[in-house]
Amino acid sequence: MNNNHKLFTKAQQFIPGGVNSPVRAFKGVGGEPLFIATAKGPHMYDVNGKVYIDYIGSWGPMIAGHSNETVLAAVHKAVDRGLSFGAPAEAEVTLAEQICAMIPSIELVRMVNSGTEATMSAIRLARGFSGRDKVIKFEGCYHGHADSFLVKAGSGVLTLGIPGSPGVPDAVADLTLTVPFNDLDSLSQVMAEVGEDVAAIIVEPIAGNMNMIEPVDGYLQGMRNLCDQHGSVLIFDEVMTGFRVAKGGAQELYGVKPDLTTFGKVIGGGLPVGAFGGRKDIMSYIAPSGSVYQAGTLSGNPLAMAAGSAMMNIISADGFYDHLATQTGKLVKGLQVVADEAGVPFSTCHQGGMFGLFFREEKAQGFTDLATCDEAHFRRFFHAMLKAGVYMAPSAYEAGFVSSKHSDDIIEQTLIAAKNAIRV
Ligand code: KE4
């Protein structure tokens, strides 16, 4: 019997939906999720022993390939010294120093255990620092599952939030305003109305949770100017883009300096790590130096810090991002040629080791553009690629990720699979 089906059946007896995070359940593409047994470099191997070229990379962390020898060695070394102390250790200082050295806007940084914890804490900090309650986010941007972010755009120009999930109280949703991404006029209008009550604007500087959509020219700078004008904190959620699209993240790419930045994924090297950091005058409000409370039993865990620090050394090597961007470029340009030859409406987006694929002619600029993507074709493409041994993101609303171990041969194998898969 198929080991995968047996496992998924058993998993559903003990875990809601059989998975520990919804996107893994293949609801966006249909079929049963794959249970992975092991992974190495650009490959993952499922419990039936089938090998896949992996373009999810654990949703971002595996930028140097799975089971990277340097990261594993660092973790093995840390294991022998103890798993967790609940007291400060040198490894936390090492990773904090590396992050501050690589991201000029980060003067102080606090470690947490996930991207959600990072964004949730950053919002509380901005509210504590500013004494204001409202927060602005953008349609199609995801910042983890804290209540303040599970909000969708309401009706009317002020787009007052309405709960995006059961369990989010109206009173919380009312404090989150949602405006269209890449539309500076609508943001300016909302800030003109309520800017003096806005604690923070939080944005994915490159949106990676509505596929991949880049900011239009001047958009992020316009957001920076509005925050300066109204005294609101600008938070770049770089959980996905941080150390992924460039060594200095999206803020380096676009030359816009946020007040706070949130991180996750790459900085843990595959272990549970998130972080938030930025201006010293704001971060100093965080307990115990200030009165904004934030805490975590396993924050700064020594194994996670060892993995993260090893990863920071790997990505700091000369040429790492040039190579990564080159390989991603080969992939997306090759896929565009394959789609054009097949006469399939298709467009792509990419920066560094991150890419988006759209089954539509023009590049998407905002959430509403996704409605004109041929999602049914994407689903057929996804399953045909999976059958051919290529594991793409199981959702039309997710970005894809390339690692430094995706060689020319791996890209070529992917394009050969795509030639058939795109015609299904
Ligand atoms: P986590 O709590 O999942 O570590 O991070 C939340 C988060 C915050 N901000 C951004 C920009 C993010 O992309 C994420 C998480 N990303 C998703 C992938 N779209 C994680 C995958 C999942 O939910 O299983």
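Predicted model: local features only at pLDDT ≥ 70, side-chain atom pairs only at ≥ 80, totals over all residues.
Local features need pLDDT of at least 70 and side-chain atom pairs count only at pLDDT 80 or more, while totals for chains, interfaces and linings use all residues. Residues are numbered from 1 along each chain as its sequence is written, and side-chain values use heavy atoms, with hydrogens and water left out.

**View A. Domain 1 meets domain 2.** Let's start with the overall division: domain 1 covers 3-67 + 318-421, and domain 2 covers 69-315. These bounds come from an automatic or database domain assignment. Taken over C-alpha atoms, the two domain centres are 25 Å apart. Domain 1 brings 33 residues to the contact and domain 2 brings 32, where contact means heavy atoms within 4.5 Å. About 2,600 Å² is buried between domain 1 and domain 2, with 61% of it on carbon and sulfur atoms. Buried area here is the accessible area (1.4 Å probe) that two parts lose on being put together, summed over both. On the domain 1 side, look for Y321, Q351 and M354, which lose the most area to domain 2 and together make up 24% of what that side buries.

**View B. Helix α2 packs against helix α10.** Helices are DSSP runs (H or I, at least four residues), as strands are (E, at least two), numbered from the N terminus. Here α2 (residues 69-79) and α10 (residues 302-315) pack at about 150°, their axes 8 Å apart. Axes are lines fitted to C-alpha atoms, for helices over the stretch in contact, and angles run from 0 to 180 degrees between N-to-C directions. The two helices α2 and α10 are therefore roughly antiparallel. Angles under 35 degrees count as roughly parallel, over 145 as roughly antiparallel, 65 to 115 as roughly perpendicular and the rest as oblique. From α2, T70, V71, A74, V75, A78 and V79 meet P302, L303, A306, A307, A310, M311 and I314 of α10. By class, that contact has 12 nonpolar residues, 1 polar and no charged. Nonpolar means Ala, Val, Leu, Ile, Met, Phe, Trp, Tyr, Cys and Pro, charged means Asp, Glu, Lys and Arg, and the others, Gly among them, are polar.

**View C. Helix α6 packs with helix α7.** The angle between α6 (residues 184-194) and α7 (residues 219-230) is about 5°, with axes 10 Å apart, and α6 and α7 are therefore roughly parallel. L184, L187, S188, M191 and A192 of α6 make the contact with Y219, G222, M223, L226 and H230 of α7. This contact of α6 with α7 counts 7 nonpolar, 3 polar and no charged residues.

**View D. Helix α12 packs with helix α13.** Residues 375-387 form α12 and residues 408-421 form α13; they pack at about 130°, with axes 9 Å apart. That angle makes α12 oblique to α13. Follow F381, A384 and M385 of α12 to T414, A417, A418 and A421 of α13 to trace the contact.

**View E. Two loop residues, P288 and F26.** P288 sits in the loop between α9 (280-283) and α10, and the peptide bond from A287 to P288 is cis, with omega near 5°. F26 lies in the loop between α1 (3-14) and β1 (36-40); its phi is near 70°, a positive value in a residue other than glycine.
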